[in-house]
Amino acid sequence: MLDIGKCKQELTKYGQQHLLRFWDELSEEERAELLLDLQEVNVAEVTSYFRRAVESLTEDQAKLDDRMKPIPAEFYGGVIRSEAEDLRFYEEEGLRQISAGKVGVLLLAGGQGTRLGVSYPKGMYDVGLPSHKSLYQVQAERILRLQELACERTGVYNHITWYIMTSEATMCPTQEYFANHNYFGLKKENIVMFEQGLLPCFTFDGKIIMDRKYKLSRAPDGNGGLYRALRDRKVLDDIERRDIKYLHAYSVDNILVKVADPVFIGYCISKNAECGAKVVEKSFPEEPVGVVCQVDGRYQVVEYSEITLKTAEQSDIDGRLTFRAGNICNHFFTTEFLQKIANKHENNLKLHVARKKIPYVDAQGNLCKPEKPNGIKMEKFVFDVFQFADNFVTWEVKRNEEFSALKNADSAEKDTPTTARNDLYSLHYQYLTRAGGKIVADKGSSVICEISPLLTYAGEGLEEIVNNKTFKSPVTLLHPSEQS
């Protein structure tokens, strides 16, 4: 427990003495809770964060366009530009590393489904597939199938450890959900859940906001909180203990994600990359996605709002956008690189600021809900480590095969349950027809086709099930273990 006298001195030193203004009114339990909050918050560090974050708001970005360069061709691979022989080579390398137990997965799953209209973790969301599988279940089953696929190719079966970063709000529901569903067939010991950190919310003039008389207002530190959480929650120690060398990190809300994609992993390894980004080609210059590029010789993601339309419209001789590598929160890391970030660079990660309406306790102890933004929340982004990579590569994939985000309720125009569901149906229709099958639908009806991830990871192995067969939409192809 903190010494209250020393605590007052420390808070006064950094202009945060108001955090103890209600001390004399608090019960012993409330005092203990407040001191615990203060113990968990390094006041010197977080106040320096605030100063750095505010300074970043006033940085001159006017000449950012002049400092940007596209990714050099030798570090910009892609599915379309690669020969079939090279793709097979990358895939075989990835599968070999999976069979050797050298591959892990980092899932960024701290978000709740607020924008979807639900209060539980987004990974638990039922998108409305015929099977009613959630995002978590779809991804778990892709891991199961990939483990089997690696064994089929190499003769050796091994497990992919799934590290799931939750937030304070999503940890317990996620733990219960997995337990209630028997971990979707995966081994419990190979699913490691850990919480991302929290950062205090600040007023515009640098005062930490109080949520209650005995509680600081804190918010998750963003998906870039991954690196500190890996270190502080001893997850890096677990990764090292399991002798995992390569990790695939991605966001939970991509329904088409190829979890631990062996082609992507194999490509990164073949290039001796310590960090890699999977990207999709921007659809049009004004598309609101960040692009991976070089700035002052180092890699970073530049947000669409940070560059001029002239730069966004710039194109190459082939007519494709010069800055086209759209970021989709899908990354490759070596364990060694993650250790370097966590132990050396984490404190230097950029802080991104969001102006928010943050409930607060006023000087009289009343809880107030502001009608306009009254403070800031700070967060770090997972891609801001690119600048620290000495060997960085990008891998471009087809959007319709690997990226469909689920962010909004169906009342929105894009990234909704309906768009995610339809994108999955379209991909699975491709799988079925490529394997020699045919689907017919009633006139005026769209094709509904869902294929269990337990049957196929990326379309392989379907020929004996669908070749020369005609199916009537809606089609749901399940693994024998799922059929009652």
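**Helix packing and individual sites in a predicted protein model**

Arg421 is found in helix H14, which spans residues 417-434; helices here are DSSP runs of H or I with at least four residues, strands are runs of E with at least two, and both are numbered from the N terminus. The structure is a predicted model, in which local features need pLDDT of at least 70 and side-chain atom pairs count only at pLDDT 80 or more, while totals for chains, interfaces and linings use all residues. Residues are numbered from 1 along each chain as its sequence is written, and side-chain values use heavy atoms, with hydrogens and water left out.

Arg421 has a relative accessibility of 18% and therefore counts as buried. The term buried stands for under 20% relative accessible area, exposed for over 50%, and partly exposed for values in between, with a 1.4 Å probe and protein chains only. When residues up to four places away in sequence are not counted, Arg421 touches Val127, Gly128 and Leu129; contact means heavy atoms within 4.5 Å. Between Arg421 and Val127 there are 294 residues along the chain, yet their C-alpha atoms are separated by 6.6 Å.

For the protein, the secondary structure comes to 15 helices and 24 strands. Its radius of gyration is 24 Å, which agrees with the value near 23 Å that a compact globule of 484 residues would have. This radius is taken over C-alpha atoms, and the globule rule is 2.2 Å times the number of residues to the power 0.38. Along the principal axes, the C-alpha atoms fill a box of roughly 80 × 55 × 50 Å. Of the 484 residues, 53% count as buried. The accessible surface comes to about 22600 Å², and 47% of this belongs to carbon and sulfur atoms; accessible areas come from the Shrake-Rupley method with a 1.4 Å probe, and for residues only the protein chains shown count as cover. Among contacts between residues at least 6 apart in sequence, 76% join residues at least 24 apart.

Two packed helices are described by the angle between their axes and the distance between the axes. Axes are lines fitted to C-alpha atoms, for helices over the stretch in contact, and angles run from 0 to 180 degrees between N-to-C directions. The axes of helix H5 (residues 84-99) and helix H6 (residues 135-154) come within 9 Å and cross at roughly 105°. H5 is therefore roughly perpendicular to H6; angles of 65 to 115 degrees count as roughly perpendicular, under 35 as roughly parallel, over 145 as roughly antiparallel, and the rest as oblique. On the H5 side, the contact involves Glu91, Glu92, Leu95, Arg96, Ile98 and Ser99, which meet Leu146, Leu149, Ala150, Cys151, Arg153 and Thr154 in H6. By class, the contact of H5 with H6 has 6 nonpolar, 2 polar and 4 charged residues. In this scheme Ala, Val, Leu, Ile, Met, Phe, Trp, Tyr, Cys and Pro count as nonpolar, Asp, Glu, Lys and Arg as charged, and the others, Gly among them, as polar.

H5 also packs with helix H10 (residues 262-270), at an angle of about 95° and with the axes 7 Å apart. H5 and H10 are therefore roughly perpendicular to each other. Residues of H5 in this contact include Leu87, Phe89 and Tyr90, and those of H10 include Pro262, Val263 and Ile265. The contact of H5 with H10 has 10 nonpolar, 4 polar and 2 charged residues.

Several loop residues were also examined. Lys258 is placed in the loop between strand S11 (246-251) and H10, and counts as buried at 16% relative accessibility. Apart from residues up to four places away in sequence, Lys258 touches His248, Lys278, Glu402, Tyr457 and Ala458. Ser27 lies in the loop between helix H1 (4-13) and helix H2 (28-40). At 29% relative accessibility, Ser27 counts as partly exposed. Ser27 and Tyr214 are 187 residues apart in sequence and 9.5 Å apart in space, C-alpha to C-alpha.

Most residues other than glycine have a negative phi, and most peptide bonds are trans. Lys234, which is not a glycine, has a positive phi of about 65°. Lys234 lies in the loop between helix H8 (226-232) and helix H9 (235-241) and is exposed, with a relative accessible area of 53%. Asn468, also not a glycine, has a positive phi of about 65°; Asn468 counts as exposed at 71% relative accessibility. The peptide bond from Ser473 to Pro474 is cis, with omega near 5°. Pro474 is in the loop between strand S23 (470-472) and strand S24 (475-477).
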